[in-house]
Amino acid sequence: MHPSGTYRVQIRPEFGFKDTADLADYLADLGVSHLYTAPILTAAPGSEHGYDVVDHTKVNPALGGEEGRVALKAALDAAGLGLVVDIVPNHAGVAVAAANPTWWDVLKNGQDSPYATFYDIDWSRGRLLIPVLADEPDALDQLRVEDGELHYFDKRFPIADGTGEGTPREVHDRQHYELVNWTRGDTELNYRRFFAIVDLAGLRVEDPEVFEATHREILRWYAEGAVQGLRVDHPDGLRDPGGYLQRLREAAPDAWLVIEKILEPGEEMPDWPVAGTTGYDAMAEVCGVFVDVTTEAFFDTLDRHLTGGETSWHDLVHQTKYHLATTQLAAENARMCRLVPEIERAGEALAELAACFPVYRSYLPFGARHLARARSEAGRRRPGLIPALDRVTARLRNPADELALRFQQYTGAVMAKGVEDTAFYRYTRFTARNEVGNDPSKFGVNLDEFHDTAQERQRRWPVGMTSLSTHDTKRSEDVRARLAVLSELPGDWTEVVRRWVRVAPLPDPAMAHLIWQAAVGAWPLDRERLHAYALKSARESGVGTSWTRPDEKFEAALRQMIDRIYDDPALHGEVAAFAESITAPGWSNSLGQKLVQLTMPGVPDVYQGTELWDYSLVDPDNRRPVDFAARREMLARLDDGWQPPVDAGGAAKLLVTSRTLRLRRQRPELFTRYRPVYAEGRVSEHVVAFDRGGVVAVATRLPVGLSRHGGWDDTTLTLDGHTWTEVFTNTSYGGNRLSVAELLRTYPVALLVKE
């Protein structure tokens, strides 16, 4: 049985199993069928996210251990809820070597370790390189031998049997690992990482022994009935995602499996034995249909004015991807080059092909056309590289070739680091569309496009996950909904932002535009939150400053810009006033997005806290504590008959969320089909509506334009002749032509159930 709806909780040491168990009755009242948690296996000490698993044999003691997990199961059982757990097959945490028993054994015993094949290590390069040393010529002189271990400040490493005599330096030189300067991690590392993170070492789950060892505990939970669903983190990093998912399906035949597969617009997923993706593709479609696609040229003009030039998204992406492919991911490139020593300029050719690859990766033979497209584009950009491109591409077409297998892992990392973590912070003309799974050059989504993709989802992946906010989104659903209002007010936005960049200048104008959008999108937010967001964004962008080479002068200018927003009364007042002016239409968009996501084909997920207004920015801002007591109290008031106005602290969003989730849980047969419903009348384009097979969802789009037209006027919806009950107001409607003005008199959304 697939869930009817899930609720994501960022379970972590300060909010562990007990706190999560205490939510069970609230989540049941909210209407979800399943709790959906962050990873719960033992993670690195102090981990706030759980994706750095160090011990696959037991549940995380920092969350409450096995006793806490069992208590959580009991609480969920009592509330009639199931459990979906996030699992991490691609990598393991190695930052604290002593916390990971398999990694510790590999460091101690090298290739003689029973776990030597657990990790994707290139032993042909000699000792295992560990990039932890300071960038100082005498760093190795800081080594100490203590308690039978090799210590470097607070880091500990094992000493192989019989090698502990002599100076610390001599002891070090006898080990199966070599501690090296941290700057060598990107260029010389001889183990596969998660993207460019040296603290996360790639696992070889394609090996049945490794699969069994890393999944035994997870599958025990499934076998005992404690877990009904699994969310698979980053399958694109695996050597053989399809083979892995087939093995997982065989081990958990009845589990609801969803995968964190990021599809580019228009990309199809292989026919794997899964329910679908985690919903980034749906997010792009839902958010896009609330954007006014007719104003794109205004934002292009504003971007040119602010930055002094014309930015091509596709050229920018090529630039950032190629840079990442040859710098932070140079070690992976070099490892592939060692497979083709006979090809001159192979490294350049591989990096160029990765930079031109139009999607995250292929799964040969599926997706071979993407390689052909990359080859064509690479040849156009680098004609002098054509001989190397042809020779490399000939190898990359063979699904069994080791080079092809590694290249497919490489392109996903290049895309993620080059686009999500770099280009998204440089291309800032309209950041409501800078989101994972979306192409920001696609300004919005028209009604026909939205209905077409929804019908395709109903046909192919009817029980995949849909989402609006996740722990990985760059800005929350309500920030994006408010920013979508800017697409209806291009002149107003142009006027204020051009004035603000003069009053509070920044050397990087594209970054300045990103920060101004974040400020009005998340306002009111305190100074510290905006400071933290701006600093992370600037370092991710890598233009004025970076993580590896912070530029104090630029970062001082950045702090000065943010401080000016709060310390200059006139500027502060302007920002607050503009944010207030787009807040009400932003609420309309938020409610519309939420209803569409909750009712469209797929299983809707609600990210923690987003059942009320939530104006969060990128991680870690979106992991802030959630006030569940306030949400409980508000839900109880709604159940007592309170009909909240739209401006009542998010209560209207809670009403929409709870009533829709409850209906999906109680009447799943009403959500089995998809038919677009088109409005008629002078402003019909402001309605997005569809029939799921007995339930009709109706939402307002482009609310500013609607108000300019004077409201709904003669707009109607044509339904069949039954009587319909509107869920949020409990109002009955009869006949086959419904007045939209009457239907949306109380809220900008409606949910009609056939009586």
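## Structural report on a predicted protein chain

The protein chain contains 27 helices and 26 strands, where helices (H or I, at least four residues) and strands (E, at least two) are DSSP runs numbered from the N terminus. The model is predicted, so local features require pLDDT of at least 70 and side-chain atom pairs pLDDT 80 or more, while totals for chains, interfaces and linings use all residues. Residues are numbered from 1 along each chain as its sequence is written, and side-chain values use heavy atoms, with hydrogens and water left out.

**Overall dimensions.** For 755 residues, a compact globule would have a radius of gyration near 27 Å, and the value of 27 Å for the protein chain agrees. This radius is taken over C-alpha atoms, and the globule rule is 2.2 Å times the number of residues to the power 0.38. Along the principal axes, the C-alpha atoms fill a box of roughly 90 × 60 × 55 Å. Of the 755 residues, 62% count as buried; buried means under 20% relative accessible area, exposed over 50%, and partly exposed in between (1.4 Å probe, protein chains only).

**Helix α20.** This helix covers residues 509–522, and its 14 residues should span 20 Å at 1.5 Å a residue; the end C-alpha atoms are 20 Å apart, which agrees. The expected span is 1.5 Å times one less than the number of residues. Because 13 of the 14 residues are buried, α20 is largely enclosed by the rest of the structure. Asp508 caps the N-terminal end of α20, with a side-chain oxygen 3.3 Å from the backbone nitrogen of Ala510.

**Aromatic rings.** The structure holds 26 aromatic pairs. Rings of Phe, Tyr and Trp (its six-membered ring) pair if their centres lie within 6.5 Å; planes under 30 degrees apart count as stacked, over 60 as edge-to-face and the rest as tilted. Phe450 and Phe690 form a tilted pair, 6.3 Å centre to centre with 35 degrees between the planes. Phe450 lies in helix α17 (residues 447–460) and Phe690 in strand β20 (residues 687–691), so the pair ties together parts 240 residues apart in sequence. Both Phe450 and Phe690 are buried. One aromatic cluster is formed by Tyr7, Phe15, Tyr26 and Phe628.

Charges also sit over rings, as tabulated below; the criterion is NZ of Lys or CZ of Arg within 6 Å of the ring centre and within 35 degrees of the ring normal.

| Charged residue | Ring | Distance to ring centre |
|---|---|---|
| Arg8 | Tyr36 | 4.6 Å |
| Arg637 | Trp642 | 3.7 Å |

**Cysteines.** The structure holds zero disulfides, a disulfide being a pair of cysteine sulfur atoms within 2.5 Å. Cys337 is in no disulfide, and the nearest cysteine sulfur, that of Cys356, is 16 Å away. Cys337 is partly exposed, with a relative accessible area of 22%, whereas Cys287 is buried at 5%.

How values were computed. Polar contact = N/O pair within 3.5 Å; in protein donor to acceptor, adjacent residues only side chain to side chain.
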